[in-house]
Amino acid sequence: MKDFEYANPTSVKAAVDLLSDSWGNTEVLAGGTDLITSMKQGLTEPTRLVSLKNIKKLQGISKKKGTLQIGAATTLSALAANGDVQQHFPALVTAIEGIGSAQMINVGTAGGDLFQRPRCWYFRQGYGLLGVYEGKSLIPEGDNRYHAIFGNAGPAYYVNPSSLAPALIALGASVSVVGDGGEREIKVADLHTTPSNTGQREFSIEPNEIAVAITIPMNGLKNATYEIRQRRGLDWPLVTASVAFKAGSIVSGTNVVLGHVAPVPWRSSAASAALNGKFVNAAAAAAAGEAATRGAAPLSKNGYKVQQVKVAVKRAILAANA
Amino acid sequence: MSGKTHVQTTINGEHTDFLCEPRQSLLEVLRDVVGLTGTKEGCNDGNCGACTVILDGRIVTACLVLGVEAEGAEITTIEGIASGGILHPIQQAFLENAALQCGVCTPGFILASKALLDENPNPTEHEIRFWLANNLCRCTGYDKIVRAVLDAAATMQEV
């Protein structure tokens, strides 16, 4: 790992002041489970690391005006163990348990999960976020078995790796970020972007902004996450579905969000529309699963994900209703 | 560039100061600076769990924590769990069940198991297997390890 300066501020303002306005000069250190590995592999070589560890304001979970506020540096294990989270947001608990490692969730943070970099092996091997070699992406004709089946017309083919984002989007959550110009609120649904060149990152925040809190409305939505995995150990899922809806005699306000199928968490309006107005039963859930595959365009080696989307959406809906 | 930082910690109950560069992981510091080589380096990227230590009551992979982040922390390594020449019941159970061969993964397994039994003294086999999912063994296989943890749990409840 290249040498760097370690900064350990105690306030958000001091942390923001220590950050550069271009990506990669400085990095924000939360849990470090992704960043430290990325630095060892030379994927990023910052001259300064800004640790969030000693900023007390970024820790903890509290109820506020009908919402749950989660400090961005709250660990994933603390989040999964919180009584309000367990009672109201099982979609988040399932997503955290799915990570499959006590060691990772003890240090990994809620904010860090949203900003971890993709697992695309071309990216991790140094070919950049778009997997480009000699002016051309290696991915469409390469080993793309874990890549995108939606939003993959190019130039990006990787999948968003966040465990929490699909559930947070389904629940209508937002993130408060602080930068030079003060604080602003971004819907989690708008947090991830698809870069058009290798100099960009895949987030809608600026390099010198810091996520400080996640806000989830507590409005009684039924919710669940269903993950399809190769194994129940430390790994990323193949496909996930998070759903939230308002239960009544018939369903309304459905949000179906897929993970690991597109460069951004993938909101399926077709699946949401298919469930709205229905009684929840196996047939309605299966129809929503079918609808969720509309528009899928698998690459050469990931056609299997289409069937997994059907199953994940169906099972997430049935789990939310259970 | 940035020189060395003075870090104060408590390791295995003893106040321990060390100097380290920001780029040194806690794993490197434990082994190369403090001289506690019981903590093993496996993959060095968080996948294998060989470097598992207990940091402020929770297991972490020391390869993904920076030495400088340990300021003020309480750390338990494999060197700190036997007492007065008597092995910890988990260590004893690993020996009796032959739950190790090359031994590189063993300190991590024992510390992860200790953290589990401290929290849940009577885990099911399923809970043990799930808890140890981030600890990889490439020679013994997992059955003997899981049996050792079940045995240790039973022994520790008798005491």
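I began with P155(A), which sits in the loop between β7 (136-137) and α9 (165-170) of chain A; helices (H or I, at least four residues) and strands (E, at least two) are DSSP runs, numbered from the N terminus. The peptide bond leading from G154(A) to P155(A) is cis, with omega near 0°.

I noted that this is a predicted model, in which local features need pLDDT of at least 70, side-chain atom pairs count only at pLDDT 80 or more, and totals for chains, interfaces and linings use all residues. Residues are numbered from 1 along each chain as its sequence is written, chains are lettered from A and ligands numbered from 1 in the order in which they are written, and side-chain values use heavy atoms, with hydrogens and water left out.

I next looked up H260(A), in the loop between β13 (252-259) and β14 (266-267) of chain A. Its phi is near 65°, a positive value in a residue other than glycine. H260(A) counts as buried, at 4% relative accessibility (buried means under 20% relative accessible area, exposed over 50%, partly exposed in between, with a 1.4 Å probe and protein chains only).

A98(B) is partly exposed, with a relative accessible area of 38%.

I then turned to helix α3 (residues 106-119) of chain B. Of its 14 residues, 12 are buried, so α3(B) is largely enclosed by the rest of the structure. The buried residues include F109(B), I110(B) and L111(B).

Technical notes:
The expected span of a helix is 1.5 Å times one less than its number of residues.
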